[in-house]
Amino acid sequence: MALRTSERVEQLGLTPSSAHVAVAGFTFKEDVADIRNTGVMEVIEHLRALGIHPVVTDPQADPALVRREYGIELTSFDLLQDLDVLVIAVRHREYRQLAPEQLDLLFRCEKRALIDVKGIFDQEEMQRRGYLYWRM
């Protein structure tokens, strides 16, 4: 995931330190608050090692617990804006319910990337909408 994100940042013509990247989802699995053994922390560490400093959001996780256990400050999804890349790492219902038009509003320009790890969105539609799109 981190490598795909870095590749998309490069394709957008941005440097890692200038890219506005958000990671949506932090918990161990979809629709639960459990953060033990989350694989997302490893992705965040890899992004940081590549020079990308993402904001992280998760509607299910307890922000105080995430801060205490991992040193990560969660941002409310409603506060995401001016993104270049969005990484959807966990398939929470809140993300599954998003319309593509809602995603469009999160980005700062027409050049944008979506790393849809869990395949929530239709690849062809997102590419038609102008996204650099990747999913597993």
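Visitor: What pLDDT must side-chain atom pairs have to count?
Guide: Residues are numbered from 1 along each chain as its sequence is written, and side-chain values use heavy atoms, leaving out hydrogens and water. This is a predicted model, so to speak with cut-offs attached: totals for chains, interfaces and linings use all residues, local features need pLDDT of at least 70, and side-chain atom pairs need pLDDT 80 or more.

Visitor: In what order do the elements of the chain run?
Guide: Helices (H or I, at least four residues) and strands (E, at least two) are DSSP runs, numbered from the N terminus. There are 6 helices and 5 strands. Starting at the N terminus, they go α-β-α-β-α-β-α-α-β-α-β.

Visitor: Which residue caps the N-terminal end of helix α3?
Guide: Helix α3 covers residues 63-70, and Gly 71, with a positive phi near 70°, follows it. At the N-terminal end, the backbone nitrogen of Ala 64 lies 2.9 Å from a side-chain oxygen of Asp 62.

Visitor: What percentage of the residues in the chain is buried?
Guide: Buried means under 20% relative accessible area, with a 1.4 Å probe and protein chains only. Of the 136 residues, the buried share is 44%.

Terms used
Buried means under 20% relative accessible area, exposed over 50%, partly exposed in between (1.4 Å probe, protein chains only). A polar contact is a pair of N or O atoms within 3.5 Å; within protein, one must be able to donate a hydrogen and the other to accept it, and residues adjacent in sequence count only if both atoms are side-chain atoms.
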